[in-house]
Amino acid sequence: MLKVLLLFIILIVGVVLGPVLSGHQGYVLIQTDSDNIITSITALVIMFLLLQFLLIFIGWCYRRLKRTSTFTHSWIFGGYKRSRARSQTKQALLKLAEGDFKQVERLMTRNVDHAEYPVVNYLLAAEAAQQRGDYFRTNQYIERAAEVADKDQLPVDITRVRIQLAQGEVHAARNGVDKLLNHAPRHPEVLRLAEQAYSLSGAYQSLIDILPSMMKSDLHGEEEILKLRQQAYIGLMNQVMAGKGSTGLKVWWKDQSRKVRHDIVLQIALAEHLIECNEHETAQQIILNGLKQQYDERLLLLIPHIKTSDSEAVQKTLTHLLKQHGATPLLNSTLGQVALRHGEWASAEMAFKAALAQRPDAHDYAWLADALDRLQKREEAAQTRSQGFMLTLKRESNTEE
């Protein structure tokens, strides 16, 4: 266009100045074998400019025609394929909602090279193939998605780990999760997959390390995060106990933070492990310290399972709890069981009767009957057993109804 503008300016200048210079324009002679062509310089310049303009116009028409032809060809062939691919992708999404994974795979991979986002088609096809159990095609689609994704590999890696978890390839998934966390440490889906991979592979310390990020990402509520944290620490306890026994477990517990050692759920789990390992004295210390920090009936339920000769500390703690929280049925029953274990029959009778006065319980009836037998109260013991037996029958009848 700039050339055309310049030609027009020159043409206008020639038209204006032509008459002025007409008296000094001279002439041009073009001689051939048969003809002589005589013209002025001004006319020759004008004809030359017109010829240039004609050539430029012809070139412009040619380029325009060529572009139009290319566009038409692209629209007829490429546009049709893109439209076809778009339609098949929509159909595949509907089939995905229906659960027809075979059709999802087929539709997603047809005309995939002409789809708007080929990487999405390949990833959905991989998910569909995995649902059908065709692991060979699943991996094939994942590799193709990685090729077309270029630098944006995050969706491909996330899909790969998700499929590995679905296929039970836990260790491969954990390795993939470690890499994902290096690139996207707060990505919600990455954290969700990391939670699964670490839980299944027993990487409990790694799970504990990502809990703050999970909290910031609002992946779970505060209560769910707390449960995950407790489950992870219990998993660590199991690993330490399996590898180092009760001695290693006690050392590990001392090395934990104050917050961990004051967690009631973890205290209960530790006490159960220690009782299982016949470390009754340490278990008793853990339970009594826990009850001093916070009254929890789950800790009380463990006291009768402790086998130590030192009943004075237990009775002292239970008496203090009675004064602090009142004579609850569980506290009285626990006192009775401790007294029964150490041969204090009269104290056991008194405690069990106090517990039964607050609520009937078949176990307390049985323990009270044992204490009455020891005190030579045979008739009362028989009546107590009968009451416990009738209570059991009544509860079984209500359960069946």
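Here's a quick walk through the pockets, salt bridges, surface and loops of this structure.

Some housekeeping. This is a predicted model, so local features need pLDDT of at least 70 and side-chain atom pairs count only at pLDDT 80 or more, while totals for chains, interfaces and linings use all residues. Residues are numbered from 1 along each chain as its sequence is written, and side-chain values use heavy atoms, with hydrogens and water left out.

Okay, pockets. A pocket here is an open set of points on a 1 Å grid over the protein atoms alone, with protein on both sides within 12 Å along at least five of seven lines; a cavity is a set of points where a 1.4 Å probe fits but cannot get out, and lining residues have an atom within 4 Å of a point. Points are joined across faces, edges and corners, and the volume is the space filled by probe spheres set on them.

The largest pocket comes out at about 290 Å³. It has 13 lining residues, and the closest to the centre are W253, R261, Q285, I286 and N289. Which elements give two or more residues to that lining? They're α10 (222–254), α12 (264–276) and α13 (280–293). The largest share is from α13, with 5 residues. When I say helix, I mean a DSSP run of H or I with at least four residues, numbered from the N terminus. By class, the pocket lining has 4 nonpolar, 6 polar and 3 charged residues. For those classes, Ala, Val, Leu, Ile, Met, Phe, Trp, Tyr, Cys and Pro are nonpolar, Asp, Glu, Lys and Arg are charged, and the others, Gly among them, are polar.

Now the cavity side. The count is 1 cavity of 30 Å³ or more, and the largest cavity has a volume of about 80 Å³. Its lining is made of Q284, I303, I306, T308, S311, V314, V338, R341 and H342. Sorted by class, that's 4 nonpolar, 4 polar and 1 charged.

On to salt bridges, meaning a side-chain nitrogen of Lys or Arg within 4 Å of a carboxyl oxygen of Asp or Glu. How many does a search of the whole structure find? It finds 18.

I picked out a few. D134 has two partners I can show you: its side chain meets R132 at 3.5 Å, N to O, and it meets R137 at 3.6 Å. For accessibility, buried means under 20% relative accessible area, exposed means over 50%, and partly exposed is in between, using a 1.4 Å probe and protein chains only. On that scale D134 is partly exposed at 21%, R132 is partly exposed at 37%, and R137 is partly exposed at 36%.

Then there's E189 with R162, where the closest N and O atoms are 3.3 Å apart. E189 is in helix α8 (residues 188–201) and R162 is in helix α6 (residues 154–166), so this pair ties together parts that are 27 residues apart in sequence. Is E189 buried or exposed? E189 counts as buried, at 18% relative accessibility, whereas R162 is partly exposed at 27%. Both belong to a salt-bridge network that links E127, R162, E189 and R192.

Next, the surface. L51, F53, L54, L55, F57, I58 and W60 make a nonpolar patch of about 670 Å². A patch takes residues with over 30% relative accessible area and no salt bridge, joining nonpolar side chains (Val, Leu, Ile, Met, Phe, Trp, Tyr) within 5 Å and like charges within 9 Å. The areas come from the Shrake-Rupley method with a 1.4 Å probe, and for residues only the protein chains shown count as cover.

Last stop, loops. Y117 sits between α3 (101–109) and α4 (118–132), and at 57% Y117 counts as exposed. Y117 and A149 are 32 residues apart in sequence but 9.2 Å apart in space, C-alpha to C-alpha.

Now some backbone angles. Most residues other than glycine have a negative phi. D218 isn't a glycine, yet its phi is positive, about 55°. D218 is in the loop between α9 (204–216) and α10, and is exposed at 65%. N278 isn't a glycine either, and has a positive phi of about 65°. You'll find N278 in the loop between α12 and α13, exposed at 60%.
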